[in-house]
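Work through the exercises below with the model open. Each task is followed by its solution in steps.

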Amino acid sequence: MLLVILLGQGLAAMDTAIVNVAAPTLQADLGLSGAGLQLTVAGYGLAYASFLITASRLGAMFGYRRLFVIGMAVFTFSSFLCGSADSSQTLILGRILQGLGAALLVPQVLSLIQLSFSGAQRARAVGLYSMILGLGAAAGQLLGGVVVSIDLLGLSWRPAFLINIPLGVFLVFVALIVLPRSEPASRQRLDIAGMIAIVTAAGCILLAVTFGPELGWPVWAIAALVVGMVILPVFWKYEKRLEARGAAPVLQPQMLKIPGILPGLGIVALGFVGYGGWLLTVALYLQAGIQMSPLQSGLTFGAYALGFGLSNLFWSRLPQRLIGLAPMLALCALSLASILIAALVTLASWHSVLGPSLLFVAGSGHGMSFGATVSRMANAIPARYASSLSGLVTTCSQFSIVSGTALIGSIYFAAVSYGFSAGQPDENAMACVAVVIFILASAGIVLSRRLPDI
């Protein structure tokens, strides 16, 4: 069961990044405009992040197995749509459907882990869940580069999507056999208004922070951000009233009153804001600053993803007295690595061994802090909140990546353009980013003191 759901999550994580490397080839082949290329790259993430909370609640109401299978089927069909697209419109539609399919299946993974495992087994399962989350995106970048480079059967970028089909079909059939049925004892009415509200709010905010900075914050982007921010408090009050009446809100506010849950979500958010910042700015620095090739840049940042993944194989095997300290120790490692990267790029120069080594340490700190924190939260909540926790963790992660890419990317560009016009603009801008991530990790250390007891 664990292998099936983690393979499904791995496919979803891989496709968040697979188009990035293939984007220039894809644009030339289909004649995509700049806006069309942006929608192709971002459409997946927008649909994915916007529907996660809704999909997690649907899993609780209609069965996690059923939602995983439906999501995997939608993801597989849309991969065929993308791989066979002969126009930009078809490709963009396929990418949005892919994001929707991923949103339907991914929240069920953590929910099934929460309900199917306990104690040390759950900690190891959460570690593997976190590992796949980190390695999937790295595998997507690597696979995208390999597919474009070898031009398999003259199909150019298309195998990057078509490769999902046989594995997706396999997972659909095997999931029907091995995943446990989780039909609720009583079927409650769907919170349609809440679902519409949270999808609208999430979509508006993500649309604004994805395209707003790059386009100079046009009026429509500001309006979308305002609309999303206005809907959120209204949605929250509505959900609280719904829960007080004994109904089934799409998000269960009572869960957030459990000690340690809000600090845990804060640690998840801070870590992935930093990750979004690293993802963009390290590529900019390595390629524009020190003239690495895209493949060299991708392999260098792969050290971060490798650290994220491998750390989640080992933290659950630490002595019990250290597991309780794992989030704090991991965030200390992330803080130290960030400061050392800032010192490296300003006082010396990027080193082919030391640079990736520090990225590996930073990724290990982020990965261990994420896995250990999610495990602590999963242990602290009753089973009835499994879907809400899954929806919040996955949504928090995706929102934070998008926000970190936009916000920390803006800091990098501002530092290059205005703050350090002389000397070493790229190095100093990269140092600014590293210091910002040091501050984020330090805030996470403070929050780690308020996590639930193990």
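A residue is called buried under 20% relative accessible area, exposed over 50%, and partly exposed in between. The model is a predicted one.

**Exercise 1.** Is glycine 94 buried or exposed, and how far in space is it from methionine 72?

Solution. 
1. Find glycine 94 in helix α5, which spans residues 88–116.
2. Its relative accessibility is 0%, therefore glycine 94 is buried.
3. Glycine 94 lies 22 residues from methionine 72 in sequence, and the C-alpha to C-alpha separation is 14 Å.

**Exercise 2.** Describe the second largest pocket by volume, lining and residue class.

Solution. 
1. The volume of the second largest pocket is about 460 Å³.
2. Its lining has 20 residues, of which Ile53, Ile198, Leu232, Thr395 and Phe399 are the closest to the centre.
3. At least two lining residues come from each of α3 (34–62), α9 (192–211), α10 (219–244), α11 (261–289) and α16 (386–419).
4. Sorted by class, the lining has 18 nonpolar and two polar residues, with no charged ones.

Note on methods:
Residues are numbered from 1 along each chain as its sequence is written. This is a predicted model: local features need pLDDT of at least 70, side-chain atom pairs count only at pLDDT 80 or more; totals for chains, interfaces and linings use all residues. Side-chain values use heavy atoms; hydrogens and water are left out. On a 1 Å grid over the protein atoms alone, a cavity is a set of points where a 1.4 Å probe fits but cannot get out, and a pocket is an open set with protein on both sides within 12 Å along at least five of seven lines; lining residues have an atom within 4 Å of a point. Grid points are joined across faces, edges and corners, and a volume is the space filled by probe spheres set on the points. Helices (H or I, at least four residues) and strands (E, at least two) are DSSP runs, numbered from the N terminus. Ala, Val, Leu, Ile, Met, Phe, Trp, Tyr, Cys and Pro count as nonpolar, Asp, Glu, Lys and Arg as charged, and the others, Gly among them, as polar. Buried means under 20% relative accessible area, exposed over 50%, partly exposed in between (1.4 Å probe, protein chains only).
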